[in-house]
Structures are given as C-alpha cells and as structure tokens.
Amino acid sequence: MLANGLGTPRAIDINRDGTLDYAYAGDRFGNLYRFDLTSDDPDDWTGEVMFQASYTETGVDTNDNGLTDDTYTQPITTRPFAVVHPTATSGADCDPDPAPGAFNSCGGFIIIFATGSYLYDDDSTDLKISSIYGVWERFQSGASNLITKSDLVQQAYSFVDAEQLTRTLSENAVTYTGDTPDKGYFINLDTPGFTDATTIPFAGEKAIRNIQGFAGVIFVNSVIPRESSSCTNEAGGAQNAFCPDTGGIDCAGDSPVFDINNDGVFDEDDLNADGSVPASLTIEDGTPTDSTFIGPVSYTHLRAHETEAD
C-alpha cells in the first residue's frame with residue numbers, strides 16, 4: 001500500500017492584513033486541498049479537497065500495467081503557486097476601478113500546481129504521465145467547490161524541430177465568463193502525436209521544481225526519467241513557460257520568453273524557425289534543480305554547473 005503524505009503548502013493573505021487566510025497543498029493521491037484559516041479560533045479551521053489530479057490513457061500503456069485505457073491519480077508533491085484571477089476587477093460585484101494599492105478578491109485566484117513524484121527509488125524511471133494545472137479558486141465550499149478535469153481547458157506542448165530541443169505551446173481560449181465558465185486549464189506532459197509509451201519523447205516528464213512568476217509568465221523546470229536500463233542516475237529535463245491565466249503562451253504575443261542564443265537580447269533570433277515562440281527548452285546534460293531569478297536572468301543548477309536563460 002502506498003503511504004500518503006501532504007506536500008509543501010502555499011499560504012495566501014487575501015486581504016493584506018498580515019495574517020494568512022488560506023493554504024493550499026497536495027498529496028500523493030492527487031488531491032489538492034484548501035485549508036480555511038480565516039477564523040480567529042484554530043478549532044474552526046477547516047480543510048477540503050478542491051480538485052483531484054488524474055490522467056486517463058488513450059491507447060497508450062503509460063502505467064505499465066497491461067492496460068491502455070487506465071485512469072490513475074497524479075501525485076502532487078511540490079508547493080502550489082497562486083495568482084490573482086483575471087476577473088478580479090471585471091467579474092460580478094467587482095469594483096472596476098479599485099483605489100491605488102487596494103486589493104479586490106471577488107474574482108478569486110488561480111492556484112497553479114504540477115504533478116509528479118521524485119522522492120522514491122522507482123520515481124526516476126517511472127513513465128506515468130504528469131500534468132500542470134491552473135484551477136480557479138472561487139472560495140466556495142462543498143460540492144460547488146470541487147473542480148473536475150472536464151471543467152478545464154487543455155493546452156499542449158509540441159515539438160517543432162527534429163532535434164526536439166524546443167517546444168511550442170497551444171493557445172486554446174479559456175473563457176471565465178458566461179453561465180458555464182471554464183474553471184482553469186491543464187497541460188498533460190504526454191507529447192501529442194505519440195502512441196507508444198516507450199517512444200514518447202520525455203515520457204514520464206515531471207514538473208516537480210519550484211514554480212516561479214516573472215514578467216507575467218510562469219516558469220517551472222521539469223525532470224525527465226532516466227532509462228530503466230541505465231546504470232547512472234543521470235536524467236534530463238526542460239525549462240517550461242506558460243501564461244498564468246490560460247496555460248497557453250498567448251500572454252507573450254510574438255515576443256520570445258527565452259534568450260535562446262544567450263546574446264542578452266530578446267529578438268527574432270530567439271524564435272523558432274517558423275516564427276513561433278519557444279515555450280519550453282530541453283536540458284540534455286544534467287538534471288535541473290529549482291531555478292532562481294537574479295534580475296531578469298533565471299539560473300538553473302545542473303549538478304556541477306549552471307545554465308542561464310534570460
């Protein structure tokens with residue numbers, strides 16, 4: 001039996017009074033919890049599941065159990081990230097012109113998190129598909145609080161070059177208005193177009209490093225499992241970018257988010273050959289750890305050396 005455990009929590013102060021109001025954390029069984037800490041009495045603090053992360057196979061045995069239509073939960077082991085929802089000043093009962101410095105939480109937040117485990121011995125060769133999620137926190141409770149994957153819009157990374165060094169990201173529309181609004185987005189790290197788990201590039205990729213926001217874009221490093229026959233612990237990874245509101249790359253417009261040629265300038269030389277914006281860069285010579293921004297430069301440690309992505 002798999003032992004459960006809670007991942008690192010993320011807490012937010014929604015009214016900026018210096019006291020944390022809500023906390024979010026995931027567990028090994030794919031449950032994302034919201035903990036309500038708004039009461040002055042700790043005995044009244046509550047917790048409930050707001051989402052369960054899962055992946056359904058479509059003709060590919062990524063679970064290595066002989067089935068090609070299996071659904072399995074995805075462990076959430078790292079700290080979520082929270083951003084103000086884009087309807088915070090345009091949704092129902094919202095103040096369209098808040099005072100300078102004022103904070104209006106009527107539109108809620110988007111809780112961004114990724115799945116995957118890199119804690120146990122077999123995690124380094126596990127090919128099960130992980131995902132990146134952004135779910136709309138509307139501060140509801142009970143059945144109305146629970147969001148399902150069918151409520152979310154799917155985005156996808158796709159390779160654009162034969163060397164599989166860069167990936168683009170879809171820009172499917174996410175609509176947060178109307179009677180049946182979308183509740184967020186997800187990105188399955190399964191590389192569309194491949195039907196065999198043994199040949200999927202980056203099969204088992206896990207975005208398990210710290211999630212960071214910079215200049216309106218979210219960045220997260222992922223780890224690629226090593227071959228099961230490998231005698232070393234060496235693996236690869238990728239630097240991934242996406243927009244916090246939609247999970248696509250539409251917020252970048254036509255501007256590059258990575259300095260591909262490391263010349264210190266973001267220009268057309270940092271775009272793909274077809275003019276598209278690279279949203280993911282392959283790391284081939286080491287396993288990426290957490291990144292750190294120093295000014296506009298993101299530093300990622302790869303075992304004994306560093307790489308830069310402006």
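Trainee: Let's start with Glu205 and Arg167: buried or exposed?
Mentor: Glu205 and Arg167 are both buried. Keep in mind that this is a predicted model. Their side chains meet in a salt bridge, 2.9 Å from N to O. Glu205 sits in the loop between β13 and β14 and Arg167 in strand β12, so the pair ties together parts 38 residues apart in sequence.

Trainee: How many salt bridges does the structure hold?
Mentor: There are three. Arg34 pairs with Glu137, with the closest N and O atoms 2.7 Å apart. That links strand β3 to strand β9, 103 residues apart. Glu48 and Arg34 also meet in a salt bridge, at 3.0 Å. Shared partners join Arg34, Glu48 and Glu137 into one network.

Trainee: And why does Arg34 count as buried?
Mentor: Because its relative accessibility is 4%, and the cut-off for buried is under 20%. Glu137 is buried too, at 0%, while Glu48 is partly exposed at 23%.

Trainee: Changing topic, what does the side chain of Thr166 join?
Mentor: Thr166 makes a polar contact of 2.9 Å with the side chain of Asn272. Thr166 lies in strand β12 and is buried, at 11% relative accessibility.

Terms used: Residues are numbered from 1 along each chain as its sequence is written. This is a predicted model: local features need pLDDT of at least 70, side-chain atom pairs count only at pLDDT 80 or more; totals for chains, interfaces and linings use all residues. Side-chain values use heavy atoms; hydrogens and water are left out. Helices (H or I, at least four residues) and strands (E, at least two) are DSSP runs, numbered from the N terminus. Buried means under 20% relative accessible area, exposed over 50%, partly exposed in between (1.4 Å probe, protein chains only). A polar contact is a pair of N or O atoms within 3.5 Å; within protein, one must be able to donate a hydrogen and the other to accept it, and residues adjacent in sequence count only if both atoms are side-chain atoms. A salt bridge is a side-chain nitrogen of Lys or Arg within 4 Å of a carboxyl oxygen of Asp or Glu.
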